[in-house]
Amino acid sequence: MLAGDWDAGMRMGECVMAHGRRPLATTVDVTVASVARMHDFFLNGKDSYPADQHACEGLLGLAPNAGILAEAQRAFMLAAVRKLALDHDVRQFIDFGCGLPTWVNTHQVAQRSAASSKVVYVDRDPMVVAHGRALLEGDGSTAVVQGDLLHGPDLFNHPRVDSLIDFSRPVAVLLASVLHCVPDGDEPYEAVHRLVAGLPAGSFVVLSQWASEDHQVREGVTRFMHRVTHEAWGQVRSADEISRFFAGMMLMDPGLGAISGCRAGHPDCNGTQGLIEYGGIGRVAQR
């Protein structure tokens, strides 16, 4: 199902986790920019609308490397999936804020590395869920559910998750480029810590989000994204703020840092003063 097929088919979104401060949407307003569709646009996808494209153009005026960050985030996450499957025998992945299907998806990388891998995709956006179910499900090893990382422990009990994921064995939770969609007022640190507490020892968390050490960059990008998405956004954070998400986890080499792939001297990269994607991989220790 492509963007043009959407209007006729999208009253099917199921509200799986509708309690709390962030009720899940069941309809789509294509006149308002969507983070998922903006990300798709930056990855040269086909599922964006004029509102998303105009928002991306405006964002590039504030952060000229925004498209680079989208590509780098994807490369970082898929490389992490491959590493965890090959080097740590992880066979179960839960991809929060998975976004629209793209050129290479989590389950493809995981299953190329280990054919028995199981993947659950989770997103708040009903358009993402519909596209995901149409394009990613079908072989019994993947599932797509509508849900929110703020309700992660509840989501673990969802029948589609329970049918694929064995929580007595290590799980890799992917939180790549999703936490900047959650404001501090929604208690994202507590949500991540609850999520980690529900994972078995030996599990992993792959986590990254937009960051800057420049207050003006953080505030400017945050204000812009709140405006174009009609408040469906969180905030750009500092490196220290992002490091708090890894509390209680063991950091995997090379630790936390910019995963943006910025090259020294690149005109779109200015250390941590500009906008970067910052994060790493944490391992859940023995309890």
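Which residue has its charged end over the ring of Tyr189? It is Arg244, whose charged end sits 3.7 Å from the centre of that ring. A charge counts as sitting over a ring if NZ of Lys or CZ of Arg is within 6 Å of the ring centre and within 35 degrees of the ring normal.

The model is predicted: local features need pLDDT of at least 70, side-chain atom pairs count only at pLDDT 80 or more, and totals for chains, interfaces and linings use all residues. Residues are numbered from 1 along each chain as its sequence is written, and side-chain values use heavy atoms, with hydrogens and water left out.

The secondary structure of the chain comes to 11 helices and 8 strands. Helices (H or I, at least four residues) and strands (E, at least two) are DSSP runs, numbered from the N terminus. Of the 287 residues in the chain, 56% are buried. Buried means under 20% relative accessible area, exposed means over 50%, and partly exposed lies in between (1.4 Å probe, protein chains only). The accessible surface of the chain comes to about 12,000 Å². Carbon and sulfur atoms hold 50% of that surface. Accessible areas come from the Shrake-Rupley method with a 1.4 Å probe; for residues, only the protein chains shown count as cover. Among contacts in the chain with a separation of 6 or more, 74% join residues 24 or more positions apart. Contact means heavy atoms within 4.5 Å.

Strand 8 (residues 276–284) has 8 of its 9 residues buried, so it is largely enclosed by the rest of the structure. Strand 5 pairs with strand 8 in the antiparallel sense over 8 bridges. Two strands pair if DSSP finds at least two bridges between them. Leu207 has Gly280 in strand 8 as its bridge partner. Strand 6 also runs antiparallel to strand 8, over 3 bridges. Here Met249 stands opposite Val284 in strand 8. Strand 7 (residues 257–258) pairs with strand 8 in the antiparallel sense, over 2 bridges. Ala258 is bridged to Tyr278 in strand 8. In a regular strand the side chains alternate between the two faces of the sheet.

Aromatic pairs were counted next. Rings of Phe, Tyr and Trp (its six-membered ring) pair if their centres lie within 6.5 Å; planes under 30 degrees apart count as stacked, over 60 as edge-to-face and the rest as tilted. The count comes to 4 aromatic pairs. One of them joins Tyr189 and Phe245, which are stacked at 4.3 Å centre to centre with 20 degrees between the planes. This pair links distant parts of the chain, 56 residues apart. Tyr189 lies in helix 9 (residues 188–197), and Phe245 lies in the loop between helix 11 (239–243) and strand 6 (249–251). Both Tyr189 and Phe245 are buried. Another pair joins Trp210 and Trp233: their ring centres are 5.5 Å apart and their planes stand at 55 degrees, so the pair is tilted. This pair too links distant parts of the chain, 23 residues apart. Trp210 belongs to strand 5 (residues 204–211), whereas Trp233 is in the loop between helix 10 (215–228) and helix 11. Both Trp210 and Trp233 are buried.

A search of the whole structure finds 0 disulfides. A disulfide is scored as a pair of cysteine sulfur atoms within 2.5 Å. Cys98 is buried, with a relative accessible area of 8%. Cys181 also counts as buried, at 16% relative accessibility.

Several loops hold backbone features. A cis peptide bond joins Asp253 and Pro254, with omega about 10 degrees. Pro254 lies in the loop between strand 6 and strand 7. Asn44 is not a glycine, yet has a positive phi of about 65 degrees. Asn44 sits in the loop between helix 2 (35–42) and helix 3 (50–62). With a relative accessible area of 68%, Asn44 is exposed. Glu187, also a residue other than glycine, has a positive phi near 60 degrees. Glu187 lies in the loop between strand 4 (172–176) and helix 9. At 37% relative accessibility, Glu187 counts as partly exposed.

Val30 is found in the loop between helix 1 (6–9) and helix 2. Val30 is partly exposed, with a relative accessible area of 22%. Leaving aside neighbours within four places in sequence, Val30 is in contact with Arg37, Tyr49 and Ala51. Val30 and Tyr49 are 19 residues apart along the chain, and their C-alpha atoms are separated by 6.5 Å.
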